[in-house]
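Biologist: I am new to this structure, and I would like to go through it with you slowly. Please tell me, for each term, what stands behind the word.

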Amino acid sequence: MTRQYCKMRDKRFVAEHRGGPLKRAHHYQLMTWAGSCVEHAFSLAGERMDDRLSDVLRVAEAWQKGEASVGDARNASLRAIAVANESSDPVTIALARAAGHVAAIAHMADHSLRAADYAMKAIKESGRLSERQWQEEQLPVDIRSLVLSAQNR
């Protein structure tokens, strides 16, 4: 299944250092955007928020600053999956998956799309609507067309 998923990946999200077209600055912008989408969802979750997920986002931020490795980000992503697996609350599960995808952006930038999707799912599960518009408003101009075209596929 992993191989099949990799074949379906949007090549525009492959980083330059891996032979793709994605500039480092755009990779960082995708992480910043996805992180802000997830943090926005966290703010709406209130008491449902698990502190371990904030730690996952801190590792993602550290990776952007060159203070954490891709391996550190991967481990943080796995910790988020553990939070999701421990919970039965759909909002917490979606928030955990969203945070995990933010950390996974260090490895593959297309995880930014999944992070935003799970943030939106968490907000829907909590009874709030119109999150997609908020997310689109947060997109930097440099990556707006990339993200919107990938979401429309």
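Biologist: Which residues of α6 are buried?

Modeller: The buried residues of α6 are His111, Ser112, Leu113, Ala115, Ala116, Tyr118, Ala119, Met120, Ala122 and Ile123. Buried means under 20% relative accessible area, exposed means over 50%, and partly exposed lies in between, with a 1.4 Å probe and protein chains only. This is a predicted model, in which local features need pLDDT of at least 70 and side-chain atom pairs count only at pLDDT 80 or more, while totals for chains, interfaces and linings use all residues. Residues are numbered from 1 along each chain as its sequence is written, and side-chain values use heavy atoms, with hydrogens and water left out.

Biologist: What makes Ala122 count as buried?

Modeller: Its relative accessibility is 2%, and the cut-off for buried is under 20%, so Ala122 counts as buried. Ala122 has its place in helix α6, where helices (H or I, at least four residues) and strands (E, at least two) are DSSP runs numbered from the N terminus. Leaving aside neighbours within four places in sequence, Ala122 is in contact (heavy atoms within 4.5 Å) with Val91, Ala94 and Leu95. From Ala122 to Ile93 the C-alpha distance is 7.9 Å, although the two are 29 residues apart in sequence.

Biologist: What span is expected for α6, and what span does the helix reach?

Modeller: The expected span is 1.5 Å times one less than the number of residues; for the 15 residues of α6 this comes to 21 Å, and the helix reaches 21 Å from its first C-alpha to its last. Just after α6, Gly127 takes a positive phi of about 95°.

Biologist: Why is α5 described as mostly covered?

Modeller: In α5, 12 of the 15 residues are buried, among them Val91, Leu95, His101 and Val102. These buried residues pack against α2, α3, α4 (70-86) and α6. One of the buried residues of α5 is Ala98, whose relative accessible area is 0%. Ala98 is in contact with Val38, Ala115, Tyr118 and Ala119, when neighbours within four places in sequence are left aside.

Biologist: Is Gln135 buried or exposed, and which residues does Gln135 touch?

Modeller: Gln135, in helix α7 (residues 131-138), has a relative accessibility of 1% and therefore counts as buried. Not counting residues up to four places away in sequence, Gln135 touches Trp33, Cys37, Ala116, Ala119 and Met120.

Biologist: How do you know that the buried residues of α8 line one face of the helix?

Modeller: In α8 (residues 141-151), the residues Ile143, Leu146, Val147 and Ala150 are buried. Seen down the helix axis, the buried residues fall within an arc of 95°, so they line one face; the arc is that of the directions from the helix axis to the C-beta atoms. The face turned away from this buried side carries the exposed residues Val141 and Ser145, and what covers the buried residues of α8 includes α2 and α6.

Biologist: How many aromatic pairs are there, and why is the pair of Tyr28 and Trp63 called by its particular name?

Modeller: Rings of Phe, Tyr and Trp (its six-membered ring) pair if their centres lie within 6.5 Å, and planes under 30 degrees apart count as stacked, over 60 as edge-to-face and the rest as tilted. By this rule there is 1 aromatic pair. The ring centres of Tyr28 and Trp63 are 5.3 Å apart and their planes stand at 80°, so the pair is edge-to-face. Tyr28 lies in helix α2 (residues 24-45) and Trp63 in helix α3 (residues 51-64), so the pair ties together parts 35 residues apart in sequence. Tyr28 counts as partly exposed at 23% relative accessibility, whereas Trp63 is buried at 11%.

Biologist: What does the chain come to in helices and strands, and how does its radius of gyration stand against that of a compact globule?

Modeller: The chain has 8 helices and 0 strands. The globule rule is 2.2 Å times the number of residues to the power 0.38, with the radius of gyration taken over C-alpha atoms; for 153 residues a compact globule would have a radius near 15 Å, and the chain's 15 Å agrees. Of the 153 residues, 45% count as buried.
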